[in-house]
Amino acid sequence: MDPSAILRKPFDGELLSEEDAAALLRLPREARRPVYEAADRLNRELNGLRVSYIFNRNINFTNACEAACAFCAYSVRPGAPEAFIMSPEEVVRLAGDPPGLDEVCMVGGLNPEVTFDYILDLFAAVEEAHPHIHIHALSPMEVDYYAGRAGLEIREAFGRLVEAGYGSLCGTAAEILVDEVRETICPEKLSTARWLEIVRTAHAMGIRSTSTILFGHIERPEHVARHLRVLRDLQQETGGFTEYIPLVFVPYNTPLGRARGIKEMIPKEDVFLHYAVARLFFGRLIRNVQSSWCKLGLDAATETFSYGVNDLGGTLLAENITRSAGGRYGQSLTLSEMADAIRRAGRVPVRRDTLYHHLDKAARKG
């Protein structure tokens, strides 16, 4: 296949079709260079040489979850001896260590011992102690679960969360937004339609969210293309996504990896192709594409800057999900390590906040 006609579309003001994306994702390695070059060109038009990053911390406030997703190695069943629920005081302490964080990313699981009121208390405690920190928290699945157990409609639940200090929604629990795949890898999670309904409601209320995918497991190119189209359709409708974060499947300690005989992550070249196709598919609708250094390693993550990526994510400080799955690249980076890595890749580091406002580094601590 000659991809040249497809690759001209973003520069001629056209959108790639779902079929275009699937075709590009099927390209053999020897035919991918034009895709990479087009993605890099489009990224430079949108973002110049700037690559952003954020000073943040992950906080998993509970590790107990009823969902038992096949790709997850972190959670335990509710009631297990090792199950925990953090107190608001513990979370407040973590949010202040180190000082100067711009964001805390708080997710847990579907724990029947956690109540909606507990989550409100958690956010309110962080907001009171650290009013400058943006609370980026909860997946659509968690919002649906805890709101439902509290007898709340989604809009009412979001309203109460915002009153407690909530800032933005994690676009996780998306995995692959194709129900035939979801039935295999996460059968207890939301349907595609319900995920979209919750995110659409958040966007309508002025709550921004990220968007994600989990790829590199059992999906096919047409599934990925459909997922991209579903996200882009919603972005055209609401404009509420801040970024796209492709998350490659880390199989080593997971039930899905064992059941399907997946012993290694997909090759980095296939990850690079996904980033490039996503950049071209979203065009100017989703301006920011983020690489995951904790899954790819810092060297490969900075290499993605040549394939359409303009964000390196966050310092994280305590990353548990990838580590539990067998991730090999650590849990934490410092601000200086992130900035130096971006410079070594020939790009310009820019510290940002959750909503992609660029920050004056000289005027802030950290």
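In what sense do strand β1 and β9 pair, and over how many bridges? In this predicted model, strand β1 (residues 50-54) and β9 pair in the parallel sense, over four bridges. Y53 stands opposite R351 in β9.

These strands belong to an open sheet of three strands. The order is β8-β1-β9, and the pairing is parallel. β8 (311-314) and β9 (348-351) each have a single partner strand, so one side of each is left without a neighbour in the sheet. On average, neighbouring strands are turned by 20° against each other, direction ignored. Helix α16 (residues 335-344) packs on the sheet and touches β1, β8 and β9. The direction of α16 makes about 165° with that of β1.

Y36 lies in helix α3 (residues 33-47), and Y307 lies in the loop between α14 (298-303) and β8, so the pair ties together parts that are 271 residues apart in sequence. Both Y36 and Y307 are buried. Y36, F272 and Y307 form one aromatic cluster.

The rings of F123 and Y166 have their centres 5.7 Å apart. Their planes stand at 20°, under the 30 degrees limit, so the pair counts as stacked. F123 is buried, with a relative accessible area of 0%. Y166 is also buried, at 5% relative accessibility.

Charged side chains also meet rings. R41 lies over the face of F11, at 3.7 Å from the ring centre. The charged end of R232 sits over the ring of F281, 3.8 Å from its centre.

Methods. Residues numbered from 1 in each chain as written. Predicted model: local features only at pLDDT ≥ 70, side-chain atom pairs only at ≥ 80, totals over all residues. Heavy atoms only, no water. Pairing = 2+ DSSP bridges. Helix = DSSP H or I, 4+ residues; strand = E, 2+ residues; numbered from the N terminus. Axes fitted to C-alpha atoms, helices over the stretch in contact; angles between N-to-C directions. Contact = heavy atoms within 4.5 Å. Buried < 20%, exposed > 50% of the residue type's maximum accessible area, 1.4 Å probe, protein only. Phe/Tyr/Trp six-rings, centres within 6.5 Å; stacked < 30°, edge-to-face > 60°. Lys NZ or Arg CZ within 6 Å of the ring centre and 35° of its normal.
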